[in-house]
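Below is a briefing on one protein model, written for a reader who is meeting such structures for the first time. Please keep the sequence and the 3D view open while reading.

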Amino acid sequence: MAYTIKEGCIVCKECIPLCPNGAIKPHEEAEAGYWIDPTLCNRCKDYDEPQCVSVCPVSSPEPLRPKKGRSKSTLLPAAILDIFLNGKSNAFASSMVVWEACNVLTQRHTLPWQQDEDDTLSYLRLVRRGQGQIKVRLAEAAEVPVPVPADAEITELAIAQFDIRAACLHLIFAAYAVTLDCPWQDSFVINDQQIEQYLGLDKRKDLTKLEKLTLIKDLVSQACRLLVTVDWPRQGHVQAFSQAEHAIWQLCDIQYYFDEDAEGYRHLIGLGFKVQPGIWTQQFLNKQEYRRQTAYYQYSTLPRSLLTEVMSNWQQHEGAMRLLLWLLFKLRLGGDHRITVRTLLKIAYGEDRLVEATTVRGAHKRLLKTFENDLETICTYGLKPVFDPETYPPEIQPLWVRLIDIPEDAEDALNFWADDANRDMSLTDTAPRDKWQRLLNARLLGFEVPEDWQQPNRSPTRKKRKSSRSPTPKNSATQLSGDDIKAARRQLKLSQRALAEKLGKSQSWIRDIENGRFSVGSDDLTVLRQTLEISA
């Protein structure tokens, strides 16, 4: 139970430096004294007595009694949803900056953090084979006008306390960013009631209102502590650029809503957050410059079911949730989705645990069982893995994959087991002794995605000038569909990146035309036909 300053505060300021959590704050009106933030106060659990109580000369701090009854709805902001208006999905900013920030929040200490010369820790992601890079560091605090990078010790403590659910807030912020015309200049406001509905916390009856508010504020603060530095190489028509270190999400202000009971106790009943997207959006989420081909507008589909899944299974299947959040970005890239099992193991459990499984006797059995359970969780959610028949044959596939074929009808099931007994490899046979070694070299051909994971088939369109002349019909025979381009590219065994380099374009440009987001201009169409050897 948190403490509160009910009345009698003489503003002596003795308690402020002693509070270990910085929970004591001044009222907006100076003569009103101080108040204790209940989302930060933990009653000084590491001390024999709360520090504010031990030093206060007038015994003003006292335990905050539990609130009785419902809160006054008139004191709270409207809880109208701004995203997920169709109830299923919403567009969200999906650039490399957002992806790597999501990786930091989910994979945490398993990422290759390195110590810089100024005694800070940073995570570095190289871009386009080392031609550019994205650097992520942590700020000392979230709610500050000018974020300051935290030192190595503070960063290590913060990484250890990161909650994978903070990635859900990060993605919600990315969804809000696409609703802004100029996200690098505009800000958005989101309150606790909206967050509760987005994450499904409104259905949690085991948490008190204060516990929900404390959790939400903590998750928002974690997402807003990420700092990024961008050095981006030239891609297609977009020139190379660099961006100095800045907050990915700047937490500009937190609004507290209180309800005072009959005994004079002020109870926290709501929170509002004002968030400013970072200047990375000026290059990666810029509709105006995207039309001029001088910046990017990178977005994808955020399924609401993903947020619900992470919030439900983050403790039991953390590895599976890491993979789901990673695949959200990986599968949007288009083209072939061949992924090695070794890569999936690194994403889900980290390099150190993978090394342990290959060096410590018996450790691979535990990791193998965990991976197959997590893969089943992903399949149950709706992302069905497609196994490579050459490197990932049925004999080393998880047992649950083969159990899917068992009929529900009793007679059909009897015939199934009778036939299974006569096969070379029965379901009751033990796995090969070299299964682990073969699994490390196996790969998936991709995933079958559910409907709400389908990518949007739209892009910012150019405004057309009105013409007095009658429109001339286009010759559809000269146009190429996205499927035609994809088929021709695969026939020549070219990846999207390889084709982009031949055309002098970006990989995202190839992906967009293959997905039908925009049509190819006449000049580019001629070059594209020549490169793909398609006759007119």
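Ile339 stands opposite Leu444 in β17, and this pair belongs to the antiparallel pairing of strand β15 (residues 339-340) with strand β17 (residues 443-448), which is made over two bridges. Strands are DSSP runs of E with at least two residues, helices are DSSP runs of H or I with at least four residues, and both are numbered from the N terminus; two strands are said to pair if DSSP finds at least two bridges between them. The model is predicted, and for this reason local features need a pLDDT of at least 70 and side-chain atom pairs count only at pLDDT 80 or more, while totals for chains, interfaces and linings use all residues. Residues are numbered from 1 along each chain as its sequence is written, and side-chain values use heavy atoms, with hydrogens and water left out.

**Strand β17 and its other partner**

- Strand β16 (residues 384-387) is joined to β17 by four bridges, and the two run antiparallel.
- Within β17, Glu448 is the bridge partner of Lys384.

**The three-strand sheet**

- An open sheet is formed by three strands in the order β9-β13-β12, with antiparallel pairing.
- Because β9 (188-191) and β12 (249-260) each have a single partner strand, they stand at the edges, and one side of each is left without a neighbour in the sheet.
- Neighbouring strands of this sheet are turned by 25° against each other on average, direction ignored, where axes are lines fitted to C-alpha atoms (for helices over the stretch in contact) and angles run from 0 to 180 degrees between N-to-C directions.
- Strand β13 (residues 266-277) is joined to β9 by four antiparallel bridges, and Gly272 in β13 is the bridge partner of Asn191.
- Helix α4 packs on the sheet and touches β9, β12 and β13, its direction making about 140° with that of β9.
- Helix α6 (residues 209-223) also packs on the sheet, where it touches β12 and β13, and its direction makes about 20° with that of β13.

**The nonpolar cores**

- A nonpolar core is a set of buried Ala, Val, Leu, Ile, Met, Phe, Trp, Tyr and Cys residues joined through side-chain atoms within 4.5 Å; buried means under 20% relative accessible area, exposed means over 50%, and partly exposed lies in between (1.4 Å probe, protein chains only).
- The largest nonpolar core has 122 residues, and Phe173, Phe273 and Tyr392 are those with the most contacts inside it.
- Helix α4 (residues 166-177) gives the largest share of this core, 11 residues.
- Apart from this core lies another of 14 residues, which includes Leu480, Ala488, Leu494 and Ile510.
- Leaving aside neighbours within four places in sequence, Phe273 is in contact (heavy atoms within 4.5 Å) with residues that include Phe188, Ile190, Ile216, Val220 and Leu251.

- Strand β7 (residues 121-127) pairs with strand β8 (residues 132-138) in the antiparallel sense over five bridges, and Ile134 in β8 is the bridge partner of Arg125.
- Just after α2, Arg108 takes a positive phi of about 50°.

**Cysteines**

- A disulfide is a pair of cysteine sulfur atoms within 2.5 Å, and by this rule the count comes to zero disulfides.
- Cys19 is buried, at 18% relative accessibility, and its sulfur is too far for a bond because the closest cysteine sulfur, in Cys44, is 5.9 Å away.
- Cys41 is buried too, with a relative accessible area of 19%, and its sulfur is 6.4 Å from the closest cysteine sulfur, in Cys52, which is too far for a bond.
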